[in-house]
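Biologist: I'm new to this one and would like a guided tour. Could you show me how to read it, feature by feature?

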Amino acid sequence: MIIKKYHFILKSLRTITSLLTFCSTFAAAQNSDKPMEENSKTEMTAKITRYEVKKEFQEKFQESVKEYVLSSLSNDENIMSEAYFEQNNESVIWLFERWTNQEAWSKFKSTSKSKALNALAKSALVKPEKNIYIKDLEPISKAQWRSTSKASDNQLTIMLFVDAKAGTEENFKNVYHKAMPEFRSESGVVTYQLSQIEEDKTQFVTFEKFRSNDAFQYHLNFPPIQPVIDYLNTSIKKQPFQDGIHTLIEFAPLTRE
C-alpha cells in the first residue's frame, strides 16, 4: 500500500514537472516572438542596391530611379534616399535608402513608383540587382542625413567596401569610433557614415560625402585618419584596399543649399 502510494506521488510530481516545463517553454516562445514583431516596427532598415543597366536603358532607368527617390523622400517614414552612378561606369547605379522600420519600407514597395522601377528592372538590367542590407555604426539623425552640399560646391562622394580579416572587425569598429567625431567635424565633410553588412559581420562599407575634391584631399591628410589607414593596410583580406573604393556621381535627388 505504501509502495503504491509512493508511485502515485512520484507520478504526480513528474506530471507537474512536465506541465511547468511546458508552461516555461511556451512563455519563452511567446516572449521570443515579441522582439521580432517589434523590431519590424521599430528598428531602422538600411539598404544599398546595386544595379547594372544595359546601355540602351540607362537614361530611362535613371529617370525611374530618380522618381523612386523623390517619391520616397516625401514619405514621412523615409530617413534618406539618394542615387548615384559610378564615375567611371555610368551603367552601374547605386541606390541608398534608410527607413524608420522594415514595415514602412515594405509598404512603400507597393507604391506605383516602386512597382514601376521593379518592372523596368526586369528588362533593363544586365543581371539581377544586388541588395545589401546594412547596420549603421555611429548612426546619425534624419536631419543630418538630409543635410546637403552648397550649390557652389563640387560634391565628391566616396564609398569604400572593407572586407576585414576575421577577428579584427571589433578593432576596426573601435578605430572608427575614436575617429568619427573628428571626421564629422571637418568643414569639408557633408556626411560620413560607417555601416556593417548584416549578412557578414566582417564586411563594412563607408559612405563619405565631401564638398569638393580639395576637401577629400584634406581628409586623406587629416591626422586622425592615420589609424584607419594603418588598419586598412594590415587587416583586410585583400590588398590594396583602394580596390574597394567607388567614386560616385549623384543624380537624385540633387538637392543643394
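Modeller: Let's start with one residue and its neighbours. Contact means heavy atoms within 4.5 Å, and leaving aside residues up to four places away in sequence, Ser64 touches Ala116, Leu117 and Leu120. Before going on: this is a predicted model, where local features need pLDDT of at least 70 and side-chain atom pairs count only at pLDDT 80 or more, while totals for chains, interfaces and linings use all residues. Residues are numbered from 1 along each chain as its sequence is written, and side-chain values use heavy atoms, with hydrogens and water left out.

Biologist: Where does Ser64 lie, and is Ser64 buried or exposed?

Modeller: Helices (H or I, at least four residues) and strands (E, at least two) are DSSP runs, numbered from the N terminus. Ser64 lies in helix H2, residues 58–73. As for cover, buried means under 20% relative accessible area, exposed over 50%, and partly exposed in between, with a 1.4 Å probe and protein chains only. Ser64 has a relative accessible area of 10%, so it is buried.

Biologist: How many helices and strands are there in the protein?

Modeller: The protein has eight helices and eight strands. Of its 257 residues, 42% count as buried. Among contacts with a separation of 6 or more, 78% are between residues 24 or more positions apart.

Biologist: How do I read strand pairing, and which strands pair with S3?

Modeller: Two strands pair if DSSP finds at least two bridges between them. Strand S1 (residues 45–52) pairs with S3 in the antiparallel sense over eight bridges, and Thr49 has Leu95 in S3 as its bridge partner. S2 and S3 make a hairpin, with two residues between them.

Biologist: Why is S3 described as largely enclosed?

Modeller: Strand S3 covers residues 89–99, and nine of its eleven residues are buried, so the rest of the structure largely encloses it.

Biologist: What about pockets? How much space lies in the largest pocket?

Modeller: On a 1 Å grid over the protein atoms alone, a pocket is an open set of points where a 1.4 Å probe fits, with protein on both sides within 12 Å along at least five of seven lines; lining residues have an atom within 4 Å of a point. Grid points are joined across faces, edges and corners, and a volume is the space filled by probe spheres set on the points. Here the largest pocket holds about 480 Å³. It is lined by 26 residues, and the closest to its centre are Lys130, Phe161, Val162, Ile197 and Gln203. S1, S4 (130–137), S5 (156–163) and S7 (203–210) each supply at least two lining residues.
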